[in-house]
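Take a look at the model below. Then read on.

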Amino acid sequence: AKAKAKASSRSATPEQTEGKERAEARLRDCLAEPNIAQVDGRVLEIAILDGKTKAVDSSLLKRAEERYEDWKTFEEDRKKQAEVLRQQIAEAIAEHDVQNEAFHQHCKARQTLKKRIEQFFSAIEDSELEKVRKH
């Protein structure tokens with residue numbers, strides 16, 4: 001196997017060798033970020049595809065593919081969390097709408113009562129006995 005690798009490395013052109021080295025460097029850069037939230041999955045996916053076409057080190061490629069799977073899992077979890085938050089927001093908005101409607105009804109009732117009291121005092125001031133009895 002080593003002889004085959006040596007033979008293929010001897011037959012590789014300098015451009016191919018340089019491309020392989022760049023692909024490996026790109027994969028290493030993608031793997032260097034310890035925080036999965038900071039990984040750009042699109043760049044990692046492109047680096048993996050580039051690494052496959054350039055026949056990079058298989059262990060490096062395997063680590064990158066595992067990292068890409070971790071990133072996809074992280075993204076799915078993040079989307080689920082976002083959906084849960086959207087649902088909670090929708091529920092809170094619905095609850096606030098109910099509370100706002102109840103508040104509006106209370107304010108309306110208070111304004112009606114306030115208007116009736118003002119009419120009552122106005123009737124008292126004007127000495128309109130019939131209106132006072134009506135209230």
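Is Cys-107 buried, partly exposed or exposed? Cys-107 is partly exposed, with a relative accessible area of 31%. Here buried means under 20% relative accessible area, exposed means over 50%, and partly exposed lies in between (1.4 Å probe, protein chains only). Cys-30 is buried, at 11%. A disulfide is a covalent bond between the sulfur atoms of two cysteines. The count of disulfides here is 0, where the rule asks for a pair of cysteine sulfur atoms within 2.5 Å.

Some ground rules come next. This is a predicted model, in which local features need pLDDT of at least 70, side-chain atom pairs count only at pLDDT 80 or more, and totals for chains, interfaces and linings use all residues. Residues are numbered from 1 along each chain as its sequence is written, and side-chain values use heavy atoms, with hydrogens and water left out.

Now the overall plan. The protein chain has 5 helices and 0 strands. Read from the N terminus, the order is α-α-α-α-α. These elements are DSSP runs, numbered from the N terminus: helices are H or I with at least four residues, strands are E with at least two. The chain has 135 residues, and 17% of them count as buried. It exposes about 11000 Å², of which carbon and sulfur atoms supply 54%. Such areas come from the Shrake-Rupley method with a 1.4 Å probe; for residues, only the protein chains shown count as cover.

Contacts tell how the chain meets itself. A contact means heavy atoms within 4.5 Å. Take the contacts between residues at least 6 apart in sequence: 59% of them join residues at least 24 apart.

Start the tour at helix α3. Helix α3 covers residues 41-53, 13 residues in all. From first C-alpha to last, α3 reaches 18 Å, close to the 18 Å expected at 1.5 Å a residue. The expected span is 1.5 Å times one less than the number of residues.

What is buried in α3? The residues are Gly-41, Leu-44, Ala-47, Ile-48, Asp-50 and Gly-51. Their cover includes α2 (14-32) and α4 (58-125). Look at Asp-50, which has 15% relative accessibility and therefore counts as buried. Leaving out residues up to four places away in sequence, Asp-50 touches Ala-23 and Arg-26.

Next comes the core. In soluble globular proteins, nonpolar side chains tend to be buried together. A nonpolar core is a set of buried Ala, Val, Leu, Ile, Met, Phe, Trp, Tyr and Cys residues joined through side-chain atoms within 4.5 Å. The largest one here has 15 residues, and Leu-27, Leu-44, Ile-48 and Ala-64 touch the most other members. The elements that give two or more residues to this core are α2, α3 and α4. The largest share, 5 residues, comes from α4. Find Ala-64: beyond its neighbours within four places in sequence, Ala-64 is in contact with Leu-27, Leu-31, Leu-44 and Ile-48.

Move on to the loop between α3 and α4. Ala-55 sits in this loop. Most residues other than glycine have a negative phi. Ala-55 has a positive phi of about 55° although it is not a glycine. At 52% relative accessibility, Ala-55 counts as exposed. Val-56 lies in this loop too. Is Val-56 buried or exposed? Val-56 is buried, with a relative accessible area of 8%. Apart from its neighbours within four places in sequence, Val-56 is in contact with Lys-20, Ala-23, Glu-24, Leu-27, Gly-51 and Leu-61. Val-56 and Leu-27 are 29 residues apart along the chain, yet their C-alpha atoms are separated by 9.3 Å.

Glu-24 belongs to helix α2. Glu-24 is buried, at 13%. Setting aside its neighbours within four places in sequence, Glu-24 is in contact with Val-56, Asp-57 and Leu-60.

Finish with α4. Helix α4 has 68 residues and reaches 98 Å from first C-alpha to last, close to the 100 Å expected at 1.5 Å a residue. Its buried residues include Leu-60, Tyr-68, Trp-71 and Ala-123. Just after α4, Ser-127 takes a positive phi of about 55°.
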